[in-house]
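Let's take a walk through a protein model together, starting with its open spaces and ending with its charged pairs. Keep the structure in view as you read.

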Amino acid sequence: MMAGVGGGNDFQWCFSQVKGAIDEDVAEADIISTVEFNYSGELLATGDKGGRVVIFQREQESKNRLLSRGEYNVYSTFQSHEPEFDYLKSLEIEEKINKIRWLPQQNAAHFLLSANDKTIKLWKISERDKRAEGYNLKDEDGRLRDPFRITTLRVPVLMPMDLMVEASPRRIFANAHTYHINSISVNSDYETYLSADDLRINLWHLEITDRSFNIVDIKPANMEELTEVITAAECHPHQCNVFVYSSSKGTIRLCDMRAAALCDRHSKFFEEPEDPSSRSFFSEIISSISDVKFSHSGRYMMTRDYLSVKVWDLNMENRPVETYQVHEYLRSKLCSLYENDCIFDKFECCWNGSDSAIMTGSYNNFFRMFDRNTRRDITLEASRENSKPRAMLKPRKVCTGGKRKKDEISVDSLDFNKKILHTAWHPKENVIAVAATNNLYIFQDKVN
């Protein structure tokens, strides 16, 4: 069990850092659209609607500040995608970064994949702290020398320089998706990855950009017969032949690439039968799965729908082994959430490093944590009001009716414009990153 996640009597988290401006009117381009730790947790990447990727690096812990574990500071910022126009379809292609996925580090450089609606790019992030001086054909300022004036042979030498972090695009994977890309996932062979849109899933080799293999295609011959779309897809963490994808009908299909090249037939089909007594006009919309994530162990997977998070055992297809209500108090508000389009929000979810706790977002800048061992849960808030270093996060409670207690917030006063859609958990420690509009909050468990 990881300390702080049900360690002791309760979840105990404290504020560590917040990144981003405090402006009241937030520019659309600055809204964070994805958050991802790398495999070691030393780097943290965010993508935004303006097509930018910002990478934060964890500082080394200082001896004189024992209470503060290393803070994350900006390491590199680069423009990953630009807005484009598809002239054939008269469509604007947004620059917004939909997903970032890191590759495991093999050498001194770091690599990550970033995707917008149509194009995936492989970026190399490398450091330079030396430069070559004493070229024969060039002056120190880079101008070419007159060949007739070169009378001696110089041996170039490497001189130290200020550290530069460079981001360079190494591969561009384009023109393979007709519909918007919603998922990318690096396979456990670290040579291939998959990308998914509404109707198709493609398998790519990281070295090959001009072709991919279509492994799932659910597009009907007649588009009027379309009943569901793919909402998320992920590779199994240890078995490179297995992947899952979720649908807008609330079902999950597990496929095995060893069975056939085209995985139109799934190996396993996960679905929870609906209770007819609770059926309503909104049932189909709220049962759509917005995210699916394998546990680190590969034994379980977690799915997020509009009102709940479910944990499935891969060996049991007919129902989840655990169900956690995220914001059940919104069930009575579905009508107004439908009118303001919030019912279509796509919340993500994540596991902690030991698979013992899970986290997902809600409205009013609330996010929820569930301890799988003790079945405790907690609601916390990403807010600048308690953003003093080491300030403990107070649990928040939502009151649905009757008399409101002093520290509760009424369900009618929740702000639906403030939503936590993207969260990430450090793979080895209790450090979490939470994206709230244009701000990135970093919290850590209380150090005793």
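On a 1 Å grid over the protein atoms alone, a pocket is an open set of points with protein on both sides within 12 Å along at least five of seven lines, while a cavity is a set of points where a 1.4 Å probe fits but cannot get out; lining residues have an atom within 4 Å of a point. Grid points are joined across faces, edges and corners, and a volume is the space filled by probe spheres set on the points. The model you see is predicted, so local features need pLDDT of at least 70 and side-chain atom pairs count only at pLDDT 80 or more, while totals for chains, interfaces and linings use all residues. Residues are numbered from 1 along each chain as its sequence is written, and side-chain values use heavy atoms, with hydrogens and water left out.

Let's begin with the second largest pocket, which holds about 820 Å³ of space. Its lining has 29 residues, and Glu36, Tyr39, Glu234, Phe294 and His296 are the closest to the centre.

Now look for the one cavity of 30 Å³ or more. This largest cavity has a volume of about 40 Å³. Ten residues line the cavity, and those nearest its centre are Ser16, Gly70, Tyr72, Val431 and Gln444. Strands S1 (13–19) and S32 (439–445) each give two or more residues to this lining; strands here are DSSP E runs of at least two residues, and helices are H or I runs of at least four, numbered from the N terminus.

Next come the charged pairs. Side chains of opposite charge can pair when their charged atoms come close. A salt bridge is a side-chain nitrogen of Lys or Arg within 4 Å of a carboxyl oxygen of Asp or Glu, and the whole structure has 26 salt bridges. In one of them, Asp313 pairs with Arg299, with the closest N and O atoms 2.6 Å apart. Asp313 lies in strand S22 (residues 308–313) and Arg299 in the loop between S20 and strand S21 (300–304), so the pair ties together parts that are 14 residues apart in sequence. Asp313 is buried (under 20% relative accessible area; exposed is over 50%, partly exposed in between, with a 1.4 Å probe and protein chains only), at 9%. Arg299, at 42%, is partly exposed.

Another salt bridge joins Lys419 and Asp345 at 3.1 Å, N to O. These partners are 74 residues apart, and both Lys419 and Asp345 are buried.
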